[in-house]
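Good morning, colleagues. Please look at the sequence and the structure on the screen before I go through a few of the features.

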Amino acid sequence: MKILLVYCHPNPESFTAAVKAAAVETLQRNGHEVDIIDLYAEGFDPVMSREERSGYHTRGENRVPVASHLDRVKAADGLLFVYPTWWYAQPAMLKGWLERVLIPHETFTMPEGNQPIRGLMTNIRFLGVLTSLGSPKWWWWIMGMPGRRILLTGIRALCAPRCRTLWLALHRIDVVGKEARKRHLERVREVLGKL
């Protein structure tokens with residue numbers, strides 16, 4: 001598959017960077033093509049301007065500010081998001097990417113009459129998330145798992161009908177030791193090795 005890996009972390013020496021490296025190495029070793037969007041490294045602007053919002057619903061006009069990223073989404077068979085979970089969801093940089101790039105008429109239809117929104121990303125057959133959270137799993141569950149729901153429910157609805165999903169998270173990242181981090185990297189390699 002051609003995997004578009006959307007990476008979001010400001011520190012290239014972070015544990016999230018190690019997760020990204022393990023993911024890329026494993027996917028490439030298993031014959032997948034990996035296209036990486038590093039949001040911080042490229043200085044992606046997550047803020048939708050007033051002008052951009054004004055043209056958000058206009059077919060053609062809305063793709064202009066994000067055409068290069070949108071084309072990469074449309075060329076992919078799979079999307080893999082690698083990021084730290086902050087305040088139970090995606091960092092603002094990644095949330096802004098979702099809002100700006102996954103636009104009407106390109107990745108979903110607008111509702112008409114009684115017809116609901118319909119997904120147009122039928123090229124996406126795999127949707128995955130590799131993340132870490134400061135919270136314990138039980139607390140994240142009580143909070144309603146907002147980050148997971150945004151991607152694996154909301155974005156998943158725009159993808160191919162039989163799109164496979166993956167959620168792989170390391171909880172309590174602030175207090176777990178080196179061994180837990182090492183085991184998590186091994187798990188990343190193991191799971192992605194079966195893709």
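**Helix packing, cysteines and selected residues**

Helices α1 and α7 are roughly parallel to each other, a term for angles under 35 degrees, with over 145 being roughly antiparallel, 65 to 115 roughly perpendicular and the rest oblique. This is a predicted model, in which local features need pLDDT of at least 70 and side-chain atom pairs count only at pLDDT 80 or more, while totals for chains, interfaces and linings use all residues. Residues are numbered from 1 along each chain as its sequence is written, and side-chain values use heavy atoms, with hydrogens and water left out.

The axes of α1 (residues 15-29) and α7 (residues 178-193) come within 9 Å and cross at roughly 30°. Here the axes are lines fitted to C-alpha atoms, for helices over the stretch in contact, and angles run from 0 to 180 degrees between N-to-C directions. Helices (H or I, at least four residues) and strands (E, at least two) are DSSP runs, numbered from the N terminus.

Which residues make the contact? With contact meaning heavy atoms within 4.5 Å, α1 contributes Phe15, Ala18, Val19, Ala22, Ala23, Glu25, Thr26 and Leu27, and α7 contributes Arg181, His184, Leu185, Val188, Arg189, Leu192 and Gly193.

I turn to the cysteines. The structure holds zero disulfides, a disulfide being a pair of cysteine sulfur atoms within 2.5 Å. For Cys8, the nearest cysteine sulfur, that of Cys159, is 19 Å away. Cys8 is buried at 0% relative accessibility, and Cys163 is buried at 7%; buried means under 20% relative accessible area, exposed over 50%, and partly exposed in between (1.4 Å probe, protein chains only).

Next comes an arginine in helix α4 (residues 92-101), namely Arg100. Is Arg100 buried or exposed? Arg100 counts as buried, with 8% relative accessibility. Leaving aside neighbours within four places in sequence, Arg100 touches Phe44, Asp45, Pro46, Val47, Met48, Glu52, Pro65 and Val66.

Finally, I come to backbone angles. Met145, in the loop between α5 (137-142) and α6 (146-155), has a positive phi near 50° without being a glycine. Met145 is partly exposed at 21%. Arg172, likewise not a glycine, has a positive phi of about 60°. Arg172 sits in the loop between β5 (164-170) and α7 and is partly exposed, at 43% relative accessibility.
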